Amino acid sequence: MSRSPKQPARGYYRGAVGDMSDHLHNTHKALLSVTCILAQEQLVVGIADQDLLKSKLLSELLQPYTERVEHLSEFLVDIKPSLTFDVALLLDPCGPAGFDPSLKFLVVSEETYCGGDGHRPLLPGE
């Protein structure tokens, strides 16, 4: 059944998105914007620890964690100031999505889809 363009997207109280491993670029902004539409009250955003990024190409050129958090926070407040944001330091590929039963959705990019697929059985209602 197709949906009328006038029907709003279904929202969820609390969800997650990750991994913001490099500087905030247009692909991240698009992904975060869609995620903010889905999240009604709270959003957990995972940002990879430097140790997780060691194998990334040119990892030495990536912004430090604190800079990435600052830029991300500014963007999220601009997009949806009514939303409560929880920036989570990712020390492993799962992050909060691997253990937090209050998360009702997980948004991943094409790049991180394989990792996100591993979380699906862990999310409530799956």
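In the predicted model, I37 lies in helix 1, which spans residues 26-38. The relative accessibility of I37 is 56%, and the residue therefore counts as exposed, the cut-off being over 50%. In sequence, I37 is 25 residues away from Y12, while the C-alpha atoms of I37 and Y12 are 9.2 Å apart in space.

Strand 1 covers residues 12-18. Of its seven residues, five are buried, so strand 1 is largely enclosed by the rest of the structure. Pairing was examined next. Strand 1 pairs with strand 2, residues 39-48, in the parallel sense, and six bridges join the two. Strand 1 also pairs in the parallel sense with strand 4, here over two bridges. A16 illustrates both pairings: A16 stands opposite V44 in strand 2, and A16 likewise stands opposite L106 in strand 4.

The loop between strand 3 (84-90) and strand 4 (106-107) holds D100. Relative accessibility is 16% for D100, which falls under the 20% cut-off, and D100 therefore counts as buried. The side chain of D100 makes a polar contact with the side chain of R14, at 2.5 Å. Thus D100 is a buried residue located in the loop that leads from strand 3 to strand 4, whereas I37 is an exposed residue located in helix 1.

Methods: Residues are numbered from 1 along each chain as its sequence is written. This is a predicted model: local features need pLDDT of at least 70, side-chain atom pairs count only at pLDDT 80 or more; totals for chains, interfaces and linings use all residues. Side-chain values use heavy atoms; hydrogens and water are left out. Helices (H or I, at least four residues) and strands (E, at least two) are DSSP runs, numbered from the N terminus. Buried means under 20% relative accessible area, exposed over 50%, partly exposed in between (1.4 Å probe, protein chains only). A polar contact is a pair of N or O atoms within 3.5 Å; within protein, one must be able to donate a hydrogen and the other to accept it, and residues adjacent in sequence count only if both atoms are side-chain atoms. Two strands pair if DSSP finds at least two bridges between them.
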